Structure formats: C-alpha cells, structure tokens
Amino acid sequence: MAIEEPIEDKEEAVQQTAERYKVRIEKVNGWYGSKRAIRDVNLNVKEKTVTAFIGPSGCGKTTLLRCLNRMHEMTPGAHADGRVVVDGIDIYDKSIDPVIIRRRIGMVFQKPNPFPTMSIFDNVSAGLRLNGMNNKTIIREIVEESLRNAALWDEVKNDLDNPGMSLSGGQQQRLCIARALAMQPEVLLMDEPTSSLDPIGSSKIEELVRVLKDNVTIIIVTHNMQQAARVSDFTAFMYLGDLIEYGSTNQIFMNPEKELTERYISGKFG
Amino acid sequence: MTVDSNSNSNSKPKQNYRDILQETVNKKYRKRLLLNRLVTIFTIVCVIAAVVPLVSILLEVVKNGASAISIEFLTQPPGSMGSGTGGIAPAIQGTIIVVGIASLIAAPIGVLAGIYLSEFAKKGEFVEIVRFFNDVLTGLPSIVIGIVGYTAIVLSIGSFSVLAGSVSLSIIMIPIVVRVTEETLKVVPYSLREAGHSLGISKTKVTLFVILPSAKNGILTGIVIAISRIAGETAPLIMTILGTSLFFTGITGPVDALPLRIWRLASQPYESAHAFGWGSALILILMILALSMGLRFLAQRRSLKAVK
Amino acid sequence: MTALDSKHRRYLSALFVVRNKRHDKLFSGLVVGAAVYTLLMVGLVAFSVAKGSVDIFSYEGVQFFYQSDWNAVEGRESFGAYPYIIGTLLSSAIAMAIGVPISLAIAMFISEIAPPRIGTPLSFITELLAAVPSIIYGLWALFVFRFWVRDLIEMPLYNAFGGYIPFFAKTPFGLDIFTAGIVLAIMIIPIISSICREVMRVVPDSQREAAYSLGATRWETVRMAVFPYVKSGLVGASMLGLGRAVGETILVTMVIGNVIGPSAIPTTLFSQGQTLSSLVANEFNEASSELHLSALIALGAILLALTMGINIAARFLVKKKIKASSGAKSQ
C-alpha cells in the first residue's frame with residue numbers, strides 16, 4: 001500500500017544526490033572489550049536521504065549506528081576503529097573532539113529520554129544552552145521551529161512550561177526529536193525510535209522521518225522491516241556483525257542479491 | 001500535519017541558525033573543555049585528599065602501635081600513671097565481654113525483628129512504625145545512648161557495670177542488624193517461599209529452614225559489620241562501664257574497654273601513655289580486622305563445602 | 001519464576017528431616033516481640049532523656065537554650081546550652097562545607113569518570129574508611145593531623161588575613177573549632193560519598209546518553225542529566241552525614257579544645273569551642289550535683305531533637321528518590 005506510492009520520489013532523490021556522500025563509513029570495527037561486534041563495515045550514505053539498518057537482534061546495527069557519533073565508546077570497555085567521514089572530516093581523527101561531532105550528528109534513542117526535571121521548553125533548548133547560546137530570542141525561535149519540525153508545536157505550544165514527562169510516550173519521543181533538531185544537525189541517527197511506542201505514535205514518527213529528510217540526512221535502525229520499507233531510501237542488512245548487503249530499499253526488498261538477505265526479508269529467520 | 005508547508009518556508013533561516021550555532025560552539029567549546037578538565041582534576045584531587053588520611057592513619061597506627069606492643073602490654077593491667085609499665089589486658093578482656101554480651105542481645109533480636117519486617121508483617125501502620133522507629137534508632141547519637149544506659153541501668157543497679165555497657169551497645173547494634181536482615185531476606189527469590197508453601201510446610205518452617213539459611217551469609221556479614229561498629233564506640237561506654245584498671249569482676253561491676261582506654265591514655269600528659277594509646281588502637285583495629293577476616297574465611301569454607 | 005538451584009532444593013528437603021514441630025504461633029509471637037522490643041528501646045530513650053532533663057528545665061526554664069553561663073558551684077548554679085548549640089552547629093557547618101563538595105566529587109569520580117578497574121577498589125577504600133572507629137580518627141587527629149591543620153592551613157590563613165579580618169584573628173593552636181570541623185569532614189566524607197555513589201547509580205544511562213548526544217562534555221552531562229535526576233537523594237545523603245557530624249562525640253572532644261561557659265562562644269574560626277556532645281562526654285562522670293547531671297542530660301535532649309529532625313528529613317529524601325526510580329523502572 002504505502003510502499004508503492006513514494007518509490008518514484010525516492011528514485012528521483014537517489015539520482016539528484018547520486019554523487020554526494022554525506023557519511024562515508026570505511027572499515028569500521030566496533031569492539032566490546034576483545035569481542036568484535038561489527039566487522040569491517042564499508043558503507044556510503046547520501047545526503048538528505050533515509051538509510052535504514054536492518055537485521056536480527058544482535059547483528060550489530062545499533063552498535064554501528066552508535067559508532068557514527070562516537071557514542072559507542074561511551075560504553076565501558078567499548079571502542080571502535082576505522083574511519084567515519086562526515087562532510088570530508090574523519091570523526092575518528094585524533095584531533096577531533098567528540099563534543100564537536102555530536103552537535104552536527106544528532107541522535108534519537110529507543111526509549112524516549114527527555115530530561116525529567118526540565119520543562120518542555122528547557123528540554124528542547126537544553127543543547128543550545130549547553131553549547132553556550134545565550135541569546136534568548138534566538139533560543140525561543142529555534143525551540144519553536146524545532147517543535148514545529150517535530151510536529152509537536154500545536155500540541156504543546158500552550159504548555160511549554162510543563163515538565164517534559166507530562167507528555168505521552170509518542171509525544172515524548174517527538175520532544176526528543178525536537179531536542180535533537182534544535183542543534184541543527186546535518187545527520188540524525190535514530191535507534192529504533194518507535195520500538196516503545198503504540199501504532200499511532202509510531203506512524204507519526206514515520207511520517208516525520210519522511211518529511212525531515214528534506215533537511216537532514218537520516219540513518220535509522222529498525223527491527224521492523226515494514227517500517228524500513230515505508231520510510232527509507234536505502235537499506236543496509238546486517239547479520240552477526242557483518243554488513244551483508246546494501247542498496248536502494250526497493251532493490252533490497254524486491255530483488256535482494258544475497259540469499260541471506262532474501263531469507264531474512266521473507267521472514268525465514270530473525 | 002503542518003510540517004510540510006512550514007519546513008520549506010523555514011529552510012532559509014534554518015541554515016542561518018546552523019551557522020550561528022556552529023559559531024557559538026566554536027567560540028565556547030575550548031572554555032567548556034577546559035572546565036571539564038578542571039572538574040575532572042578536582043575530582044581526582046578530592047579522591048587523593050580522601051585517601052591520604054586513610055594511609056596516614058594506617059601508617060601512624062602501625063608505626064607507633066607496633067613499638068608499644070609486648071607480652072607485658074597484652075597480658076598485664078596498667079601500671080601506675082605515667083610509668084610506662086603494665087599493659088592493657090583488662091581493656092582487651094572488657095571489650096570482648098561487653099561487645100560479646102551486646103551481640104548476644106542484639107543479634108537474635110535484630111534478626112527476629114528483621115524477619116518480622118520481611119516475612120510476617122502485613123502492610124499497615126504498625127510495620128511503618130517499626131521501620132520508622134528503626135530508622136530513628138539508627139540515627140541516634142551514641143552519647144545519647146550512653147545517657148540512656150546511665151539513667152536506666154547504672155542508676156537502677158547503683159553501679160557502673162558491664163550490663164549497662166552491653167545494653168547500651170546493643171541499642172546501637174539492633175537497628176543495623178534489623179535493616180541488613182530485612183534487606184537480605186527481601187532478595188531471597190519469592191519462588192522459594194512459594195515452593196515451600198506449596199508443599200504444605202508451615203510458614204515458620206519455611207522461614208527458619210529455607211529462607212533464613214539461603215540468606216545466611218548476608219545476615220552474618222551484617223552482624224559482623226554491626227559488631228565492628230560497636231567495638232569502636234567510645235562515648236556510651238564513658239557513662240556506663242566507667243573504665244577501670246582492673247580485670248572483669250562481675251556483670252554488675254565496672255570494666256575497661258579498648259576505645260575508652262585509648263581516650264583516657266590520649267588525654268594523659270605522658271609520652272608513654274600516648275605510646276600505649278597507639279598500641280591499643282592497633283590492637284582494636286586488628287581485632288576488628290580479625291573478626292571480618294574470620295567471617296570471610298568461614299563463609300568461603302562453607303561455600304566450598306557446598307560445591308563439593 | 002526463578003528455578004530453584006541445588007542449594008535451595010537441599011534446604012527444602014531438610015524440612016522433612018526436622019522432627020521437632022514448632023508452632024507458628026510461638027514463632028510469630030517471637031518475631032513480633034522482637035519488633036516490639038525495638039519500639040520499646042525508642043521509648044526508653046525518649047523517656048530516659050525526658051525524665052533526666054526535667055530538673056534543669058524546671059530550674060532554668062527556656063533560658064536554658066539561650067544562656068551562656070555554665071556554673072556548677074553549689075548555691076550559684078547556672079546552666080545554659082547556647083554556646084554548645086553554636087559550637088555544634090558551627091563545627092558541623094564547617095564539616096559540611098568541606099565534606100559535601102569533596103564527597104560529591106569522589107562519588108562523581110567513582111560513578112561517572114573512573115573505569116571500573118579503578119572505581120571498584122576506590123569504592124572499597126571508601127567503605128574501609130567508613131569502618132574506621134571514630135576514636136582512631138580522634139587519636140590520629142590529636143597527635144598527627146592537628147599539626148598539619150595548624151601549620152598548613154591555619155597559620156597561612158592567620159598570617160594572610162588575621163590582621164584585618166576578625167574571622168581569622170586568633171593565633172591558631174590546632175585544637176579548635178576549625179580543626180574539629182575538618183576532622184569531622186574527613187569522618188563523614190566516606191559516609192556521604194558512598195551513599196551518593198549508590199544514589200547516582202540509579203540514574204539510567206539513557207539520561208547520560210541524551211546529554212552526550214547533544215554534545216555535552218562529561219561534566220556537563222553530570223550537571224545536566226545526573227545531578228538534577230537524583231538531587232533529593234544527594235541532599236538526603238548529605239543530611240545523613242550532617243546527622244553523624246552533629247552527633248559525633250569522642251572525635252570532637254579530642255580536638256575542639258573543650259572550653260566552657262561564655263568563652264565557649266566562638267568569636268573567630270580558630271576559637272576553642274565545645275559541642276553539646278563533647279561537653280556531655282567531658283563532664284558526665286564528674287557531675288557535682290543532680291542539677292548538673294540534669295543539665296548535661298538536657299544537652300543530650302537538644303542533641304537528640306536536632307539529629308532526629310535531620311535524620312528523618314534525610315531518610316525521607318533518600319527513600320523518596322529510590323522509590324521513585326524503582327517505580328519508573330517497573331513501568
């Protein structure tokens with residue numbers, strides 16, 4: 001149903017941005033202690049597209065995602081190597097501080113995690129204040145714009161001083177998206193953003209993803225193949241730490257090259 | 001959704017925000033990194049500041065204490081004041097007796113009350129009162145407990161006594177044991193209780209022979225922690241056992257104790273008394289250490305047996 | 001349902017061997033009795049202290065609280081707790097001012113900064129410090145540490161500011177309120193920092209990651225995501241430490257200088273002083289009259305009220321935090 005309609009758009013999008021890679025992942029390995037959770041992954045992500053990482057649980061898709069903003073190394077005992085080049089800058093270069101990287105690469109997590117002691121407004125502006133922004137007018141403008149872009153503005157515009165936790169689960173997740181968008185990221189990483197939401201909340205997030213790609217490059221991890229098919233332009237299938245196959249979503253779902261991919265897509269395992 | 005129409009009209013200022021923000025980040029981030037580094041250094045300095053006293057205390061106690069210890073020191077009553085002769089044997093004996101009796105009072109009562117809170121209590125006001133009063137007992141200043149020991153026991157039997165000291169120390173020990181027991185028992189899986197009850201075994205038996213044994217190590221550790229705590233208490237002993245230079249004469253008579261002896265020795269103007277004070281401190285630390293080592297050894301041997 | 005392991009199974013099978021049949025009633029009577037005993041102890045404490053302090057309150061009335069005299073000479077008896085209340089509050093305030101930031105920093109280092117292979121032994125060391133008896137802290141403070149305080153902190157402060165800031169204007173001696181405060185801080189740091197560490201463990205990692213993903217540094221993450229999340233727990237932990245500092249006796253007695261009467265009201269940071277508990281410890285066995293004894297017991301009563309208030313508030317805060325977090329986890 002929904003799968004058929006946007007395909008033409010996607011093909012177009014693919015052609016328009018064909019030569020521009022926003023994120024280049026080169027020989028990235030992710031380690032937990034001496035255990036290698038992802039192995040030599042190579043992958044290029046085009047600007048202003050949605051790329052989905054799919055695969056059975058434990059395949060390393062979340063680890064790979066967390067390598068893309070150097071969040072992986074925050075886990076005790078974990079580290080990563082290889083190159084992740086965003087706009088020509090290798091974020092794993094020794095001279096690069098992860099603090100700077102994370103302004104440009106936003107992240108949304110599995111479970112909504114607004115700051116419980118902050119109001120809705122403060123949640124969205126948290127990153128701005130953190131980074132030293134103290135122009136109140138600009139902060140207010142950005143908060144409003146971010147909430148609008150996260151499709152939450154109309155629901156909360158009169159309750160900006162209410163605590164972030166007063167919102168429903170789906171609203172909280174959109175608040176977290178707004179919080180990430182406020183940092184004006186160029187890339188937005190989403191780690192199974194709908195896994196803890198009900199179907200209505202999930203569909204709102206999916207709708208949002210399709211709209212947001214006009215401005216940001218989105219990489220989304222999902223365990224839900226239908227979701228990947230609905231929202232993404234490109235899909236990467238991972239299995240046991242290896243990138244098995246990567247291509248346009250259309251191709252991966254309709255005409256996978258690898259047998260493993262085909263078996264996973266058709267629900268034979270996973 | 002209204003997003004679609006907005007995002008296009010907003011796309012121009014948005015680019016603007018990104019530049020402003022990146023500029024702010026670039027301008028401020030060195031300062032932020034510096035602050036982060038300063039805080040990190042501060043925390044490390046604090047850790048060192050906390051470890052230095054420990055090292056110094058241990059060094060001083062061992063250094064000054066070891067030279068004071070001799071056979072005479074361990075077996076003789078104190079000589080005349082300032083002479084540097086005699087020993088602290090009555091204090092060692094007194095600490096063992098007073099702490100021993102206090103433990104005999106506090107351990108059973110504490111464990112039983114802990115069992116009550118964890119196994120037998122139904123939700124209600126009484127449980128809350130017991131828990132609350134237990135918290136109150138935990139926070140009582142030890143000097144106040146000394147006052148209680150004095151007015152309740154010393155005044156009624158007319159003499160500073162082992163009994164008064166032991167009861168006072170037991171008041172300090174009971175709430176610690178109650179809490180540890182309750183918390184340890186709560187961790188025992190509920191399935192164990194269900195299994196017992198489903199076999200038609202009475203609650204008493206399930207508690208005594210199933211739940212308590214599986215929580216034994218935790219409770220024992222708690223009791224040992226509580227004993228180490230009261231073994232070092234000084235204030236309540238001042239007004240209950242008084243402290244003498246003589247050996248134990250009876251449960252209603254005064255007696256000496258190590259912490260008390262240390263205090264008295266430290267306030268004397270003689271170098272030899274101070275040396276004895278360090279020696280007594282070393283003995284006290286060794287006794288507490290031996291207690292917890294002994295427990296660990298016991299627990300390990302038991303669990304080895306269980307493996308076999 | 002958790003599977004029963006072999007240990008548990010053995011305990012169960014032991015039941016069939018036990019012959020001696022006990023009655024549930026007897027045992028539940030025992031456990032209720034033990035619970036009641038703890039209540040009786042609280043009652044005994046309240047009763048003893050109240051009864052003991054009746055005499056002095058009927059003699060001095062409310063002025064016992066704000067009077068400074070402490071005269072036990074027969075015929076001219078006059079007792080007031082004011083200097084010792086001030087001494088207790090001041091020494092505890094110094095202890096808190098020094099101890100709380102350091103404790104928080106230690107807890108933060110162990111829980112947020114150090115890798116486990118450093119953090120674990122460190123938390124073991126703090127537990128060890130918490131187990132050192134206060135008499136040993138006192139002995140060390142009296143013979144070693146007070147000279148450090150005098151030579152490394154007090155003298156420099158005195159030389160620098162003593163001339164024109166009255167707060168520092170007294171030749172330091174090493175046995176004074178300031179030393180007592182520092183040593184109390186050393187004593188409560190392990191207590192506060194280990195509770196703070198427990199409390200900070202309650203903060204879910206998702207909160208930290210939220211802050212990191214916005215580009216926060218480690219310190220900014222702690223400030224933004226960790227501290228606010230457990231604020232009441234941290235306050236509670238500090239207050240438990242305060243309760244210990246206010247109630248501590250023997251350690252204070254050994255270093256505070258032990259003066260009585262109006263001169264025990266501190267005029268500078270380096271004044272010798274006296275706390276409620278140290279005066280009780282010093283004079284209890286030499287009390288010259290019933291009235292004198294009653295005055296000492298009344299000091300204990302004030303101390304009791306003070307610590308009870310602090311502790312109840314503290315436990316309320318710590319418990320609230322831990323309950324709230326376990327509630328959130330179960331959702």
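Q184(A) is buried, with 25 other C-beta atoms within 10 Å; a residue counts as buried if 20 or more other C-beta atoms, placed from the backbone, lie within 10 Å of its own, as exposed if 12 or fewer do, and as partly exposed in between. Everything here comes from a predicted model, where local features need pLDDT of at least 70, side-chain atom pairs count only at pLDDT 80 or more, and totals for chains, interfaces and linings use all residues. On labels: residues are numbered from 1 along each chain as its sequence is written, while chains are lettered from A and ligands numbered from 1 in the order in which they are written.

- Most residues other than glycine have a negative phi.
- Q184(A) has a positive phi, near 50 degrees, and isn't a glycine.
- You'll find Q184(A) in the loop between α7 (169–181) and β7 (187–191) of chain A; helices (H or I, at least four residues) and strands (E, at least two) are DSSP runs, numbered from the N terminus.
- E192(A), also not a glycine, has a positive phi near 40 degrees.
- E192(A) sits in the loop between β7 and α8 (199–212) of chain A, and it counts as buried, with 20 C-beta neighbours inside 10 Å.

**A sheet in chain A**

- Strands of a sheet pair through backbone hydrogen bonds, either parallel or antiparallel.
- Chain A has an open sheet of 4 strands in the order β2-β1-β4-β5, with antiparallel pairing; two strands pair if DSSP finds at least two bridges between them.
- β2 (35–46) and β5 (89–90) of chain A stand at the edges with a single partner strand each, so one side of each has no neighbour in the sheet.
- Strand β1 (residues 21–32) of chain A pairs with β2(A) over 8 bridges, in the antiparallel sense.
- Within chain A, Y21(A) stands opposite K46(A) in β2(A).

**Where chains B and C touch**

- 76 residues of chain B are in contact with 75 residues of chain C; contact here is a matter of C-beta atoms, placed from the backbone, lying within 7 Å.
- Helix α2 (residues 11–68) of chain B supplies the largest share of chain B's side, 20 residues.
- That side of chain B has 53 nonpolar, 18 polar and 5 charged residues. Ala, Val, Leu, Ile, Met, Phe, Trp, Tyr, Cys and Pro count as nonpolar, Asp, Glu, Lys and Arg as charged, and the others, Gly among them, as polar.

**The nonpolar core**

- The largest nonpolar core has 273 residues, and V177(B) and V183(C) have the most contacts inside it. Such a core is a set of buried Ala, Val, Leu, Ile, Met, Phe, Trp, Tyr and Cys residues joined through C-beta atoms within 7 Å.
- Helix α7 (residues 177–201) of chain C gives the most to this core, with 17 residues.
- Leaving aside neighbours within four places in sequence, the contacts of V177(B) include A106(B), G110(B) and I223(B).

**Chain C and confidence**

- Chain C has 13 helices and 2 strands, and 52% of its 331 residues count as buried.
- The mean pLDDT of chain C is 87, with 89% of its residues at 70 or more; pLDDT is the predictor's confidence in each residue, from 0 to 100.
- Among the elements of chain C, helix α1 (residues 6–14) has the lowest mean pLDDT (62) and helix α4 (residues 82–113) the highest (95).
- Over residues 326–331 of chain C the pLDDT is below 50, and beyond near neighbours in sequence this stretch has 0 contacts in the model.
- The model scores ipTM 0.87 and pTM 0.86.

Note on methods: Contact = placed C-beta atoms within 7 Å.
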